[in-house]
Amino acid sequence: MLKVQTGQIVEFYSNSCCVVSEGKELRCKIQGRINLVVGDLVQLESSSIDNNSEGLVTKRLDRVTALYRSKEKVKKPIAANISHIGILVTKNPKTNLEFIDKWITISKNASIEPFIIFNKIDLLQNSSFQEDQKVYERIGIRTFQISAKLFTNLDELKKYLSKKTTIFVGNSGSGKSTLTSAITGKKILSKALSNNQGVHTTSVSTLYHTDEMKIIDSPGVRDIGIDHLKPKEIILGFPEIINYSLNCTFPNCSHQTDEGCEVITALKNGDIEESRYNNFIFLSNQEKTK
Ligand SMILES: Nc1nc2c(ncn2[C@@H]2O[C@H](COP(=O)(O)OP(=O)(O)OP(=O)(O)O)[C@@H](O)[C@H]2O)c(=O)[nH]1
Ligand SMILES: [Mg+2]
Ligand SMILES: [Zn+2]
């Protein structure tokens, strides 16, 4: 007998997927050409006779949120129905501020709350993340300093993640899988060399459920394409610039010449961080030249 039920995609491959439904994990085929990503809610048919784990996804339910990136100028969904994005930042590999600002921009455009996790603090002499932390706390972005490997400061982070669906993003080697494992208690292979068998870099996004939260561990990226965003969408990643721009003399102010520009005044007064301003101008100009 066929049973129709709903579930959530925890892993998606090109023509099959893993779905959690009614507390069980099912390996599913996909009917027709349904465009799915991790986190999607779906309707599926499962066979109740053979009591294990096979199903057919027949429909995707509406997405509450969807996170997009662009790849070769095409807008592609990365994950659905997430509430938060945790951006992992490390000194090694070095995460640059432009990468962080791009992630903030795509999150804000998707109405998903970004926050920053400074990881691997066990490798640092003194708190050398402090300056970057100030830049982002100033604009209302929550930040954490942790060591995923040594479980340092994880309690506060866990409390923050409670009741949320969060995707961890960041460069390859920043510790997303190590952190996901430390928080969820699930065994996940990390990038370290294991028995000389090679490097376990994450190749597919996976959603992990615990009683308190849902976490998606994603593959590392060197850069994130935001070509699909127009200049008026880029500025959503820069709330402090929006604030000051409201008082610019000219409504179509480019915020690049002095005259009547409150953004430039705020920059000169130190009310807007230089790195944030520079990234805003860089990303806006990039979009304009397309
Ligand atoms: N010292 C230290 N090492 C860490 C910490 N967190 C992760 N690592 C190490 O960093 C390496 C990469 O960790 P992963 O968790 O695999 O990184 P990832 O972000 O999942 O990498 P990809 O899957 O390739 O994107 C591993 O050798 C981890 O042991 C930390 O807090 N301190
Ligand atoms: Mg990984
Ligand atoms: Zn201006």
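Domain bounds, as used below, come from an automatic or database domain assignment. The model is predicted: local features need pLDDT of at least 70, side-chain atom pairs count only at pLDDT 80 or more, and totals for chains, interfaces and linings use all residues. Residues are numbered from 1 along each chain as its sequence is written, chains are lettered from A and ligands numbered from 1 in the order in which they are written, and side-chain values use heavy atoms, with hydrogens and water left out.

**Exercise 1. Domains and their interface**

Task: State how the protein chain is divided, and describe the contact between domain 2 and domain 3.

Solution. 
Step 1. The protein chain falls into domain 1 (2-60), domain 2 (66-217) and domain 3 (231-288). The C-alpha centres of domain 2 and domain 3 are 27 Å apart.
Step 2. Twelve residues from domain 2 and 15 residues from domain 3 take part in the contact, where contact means heavy atoms within 4.5 Å.
Step 3. The size of an interface is often given as the accessible area lost when the parts come together. Buried area is here the accessible area (1.4 Å probe) that two parts lose on being put together, summed over both. For domain 2 and domain 3 this amounts to about 1200 Å², with 56% of it on carbon and sulfur atoms. Asp101, Arg138 and Ile139 provide 38% of the area that domain 2 buries against domain 3, more than any other three residues.
Step 4. Two salt bridges are found across the interface of domain 2 and domain 3; a salt bridge is a side-chain nitrogen of Lys or Arg within 4 Å of a carboxyl oxygen of Asp or Glu. Six residue pairs in polar contact (both at pLDDT 80 or more) are also found across this interface. A polar contact is a pair of N or O atoms within 3.5 Å; within protein, one must be able to donate a hydrogen and the other to accept it, and residues adjacent in sequence count only if both atoms are side-chain atoms.
Step 5. On the side of domain 2 that touches domain 3, the elements giving two or more residues are α1 and α2 (130-137). Of these, α1 gives the most, with eight residues. Helices (H or I, at least four residues) and strands (E, at least two) are DSSP runs, numbered from the N terminus.

**Exercise 2. The surroundings of Arg276**

Task: Determine where Arg276 is found and which residues Arg276 touches.

Solution. 
Step 1. Arg276 is part of helix α8. With 0% relative accessibility, Arg276 counts as buried; buried means under 20% relative accessible area, exposed over 50%, partly exposed in between (1.4 Å probe, protein chains only).
Step 2. The side chain of Arg276 forms a salt bridge with that of Asp101 (2.7 Å, N to O) and another with that of Glu240 (2.8 Å, N to O). Glu240 belongs to helix α6 (residues 239-245), 36 residues apart from Arg276. Glu240, like Arg276, is buried.
Step 3. The side chain of Arg276 also reaches the backbone oxygen of Gly237 at 2.9 Å.
Step 4. Leaving out residues up to four places away in sequence, Arg276 touches residues including Ile104, Val135, Tyr136, Ile139, Phe238, Pro239 and Ile241.

**Exercise 3. Further salt bridges**

Task: The structure holds eight salt bridges; describe those of Asp40 with Arg63 and of Asp223 with Lys102.

Solution. 
Step 1. In the pair of Asp40 and Arg63, the closest N and O atoms are 2.8 Å apart. Asp40 sits in the loop between β3 (24-30) and β4 (41-47), and Arg63 in the loop between β5 (54-60) and β6 (66-71), 23 residues apart. Asp40 is buried, its relative accessible area being 0%.
Step 2. In the pair of Asp223 and Lys102, the closest N and O atoms are 3.0 Å apart.
Step 3. Asp223 is partly exposed, at 41% relative accessible area, whereas Lys102 is buried, at 6% relative accessibility.
Step 4. Glu98, Lys102 and Asp223 are joined into one network by salt bridges that share partners.
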